[in-house]
Amino acid sequence: MAEVESSPLTTHVLNSADGVPAARMALSLHRLDSNLLLWNLLTTGTTNEDGRCPGLISRAAFTPGMYKLRFETGQYWDILGQTSFYPYVEVVFSITDPDQRFHLPLLLSRFSYTTYRGC
Amino acid sequence: MAGPSSPLTTHVLNTAMGVPGSNMAVSLYRQDPSTAVWNLITTGTTNEDGRCPGLITRNMFTSGMYKMHFETAQYWESMGETCFYPYVEIVFTINDPSQKFHIPLILSRFSYSTYRGS
């Protein structure tokens, strides 16, 4: 199997209420068109059993700019038969140096969440 | 000065520096359920304690989807620093507006947290 270059941008969704990865959560990555002030959809995906979603973006497509990762958290808790306070979570961030790696985890419960810039 | 307090409150904390997040521009929106348009309810600036009283009145606080918007990069830039997050928006659903809801933002330049308090 040939080597596939991994995405410079990764995420990891953790269900901190149940102490498990948040598997099968729909998410999407968007980049802001700074001229039109519109969000362009780049990728949609679903977290795997480990709460990760490989292949978010290629190195070539990862240019400086404003990005948004949107997590369908309400839908996730719905499927588990629970309500939650947040219908979705959007994390908006600025990339000035796309040569770096950026790991954006989401630590989530029904009534709280945390995110940070990792690498 | 008497007056009923807002059923929705916030508190911004700058955990990088161990201080309240004061002088941060914040705004509250409600989503119109038929058009999905976000309607601005209030704009304000956090006080010295990182709070912003008077976000909404009990009368106006109906069930629905709301959004708190925090101008985080502007806040860090006013202190000569950059921030990974140009702004933070927290979108939440209110089903029982007779309760009190506290939406804090615990913030550094490279991380943030929020939770539903009361």
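Colleague: Let's start where the chains meet. Which residue in β8(B) is the bridge partner of Y113(A)?
Modeller: Keep in mind that this is a predicted model. Strand β8 of chain A, residues 112-116, pairs with β8(B) in the antiparallel sense, over five bridges. Within β8(B), the partner of Y113(A) is T114(B).

Colleague: And what is the strand order of the open sheet of eight strands?
Modeller: The pairing in this sheet is mixed. Its edge strands, each pairing on one side only, are β2 of chain A and β2 (19-20) of chain B. Reading across, the order is β2(A)-β1(A)-β7(A)-β8(A)-β8(B)-β7(B)-β1(B)-β2(B).

Colleague: On the chain B side, which residue of β8(B) is the bridge partner of I106(B)?
Modeller: β7(B) and β8(B) run antiparallel and are joined by two bridges. I106(B) has as its bridge partner in β8(B) the residue S113(B).

Colleague: How much area do chain B and chain A bury between them?
Modeller: Each chain puts 21 residues into the contact. Carbon and sulfur atoms carry 61% of the buried area. The figure for that area is about 1800 Å².

Colleague: Which element gives the most to the side of chain B that touches chain A?
Modeller: Start from the seven residue pairs in polar contact between chain B and chain A. On the side of chain B that touches chain A, the elements giving two or more residues are β6 (88-94), β7 (101-107) and β8 (111-115) of chain B. With six residues, the one giving the most is β6(B). By type, the residues on that side are 15 nonpolar, four polar and two charged, and the element you asked about is β6(B).

Colleague: Moving into chain A, why is β1(A) described as largely enclosed by the rest of the structure?
Modeller: Take the strand, residues 9-15, and apply the cut-off for buried, which is under 20% relative accessible area. It is largely enclosed because the residues that are buried number five of the seven.

Colleague: On the hairpin of β1(A) and β2(A), which turn residue has a positive phi?
Modeller: β1(A) pairs with β2(A), residues 20-21, over two antiparallel bridges, and one of the bridge pairs is N15(A) with V20(A). The hairpin leaves four residues between the strands. A positive phi of about 70° belongs to G19(A).

Colleague: How far apart are the closest N and O atoms in the salt bridge of R24(A) with E49(A)?
Modeller: Over all chains, the whole structure has eight salt bridges. The pair of R24(A) and E49(A) links distant parts of the chain, 25 residues apart: R24(A) lies in the loop between β2 and β3 (26-33), E49(A) in the loop between β4 (38-46) and β5 (65-71). R24(A) is exposed at 55% relative accessible area, and E49(A) is exposed at 56%. The closest N and O atoms of R24(A) and E49(A) are separated by 2.2 Å.

Colleague: What is the relative accessible area of R51(B), which forms a salt bridge with D49(B)?
Modeller: The closest N and O atoms of this pair are 2.6 Å apart. D49(B) counts as partly exposed, at 35% relative accessibility. R51(B) is partly exposed too, and its relative accessible area is 35%.

Colleague: Which residues do salt bridges that share partners join into one network?
Modeller: One salt bridge in chain A is E72(A) with R70(A), closest N and O atoms 2.7 Å apart. At 21% relative accessibility, R70(A) counts as partly exposed. Besides the bridge of D49(B) with R51(B), there is a network of shared partners, and its members are K68(A), R70(A), E72(A) and E90(A).

Conventions. Residues numbered from 1 in each chain as written. Chains lettered and ligands numbered in written order. Predicted model: local features only at pLDDT ≥ 70, side-chain atom pairs only at ≥ 80, totals over all residues. Heavy atoms only, no water. Contact = heavy atoms within 4.5 Å. Buried area = accessible area lost by both parts, 1.4 Å probe. Polar contact = N/O pair within 3.5 Å; in protein donor to acceptor, adjacent residues only side chain to side chain. Nonpolar A, V, L, I, M, F, W, Y, C, P; charged D, E, K, R; others polar. Pairing = 2+ DSSP bridges. Buried < 20%, exposed > 50% of the residue type's maximum accessible area, 1.4 Å probe, protein only. Salt bridge = Lys/Arg side-chain N within 4 Å of Asp/Glu carboxyl O.
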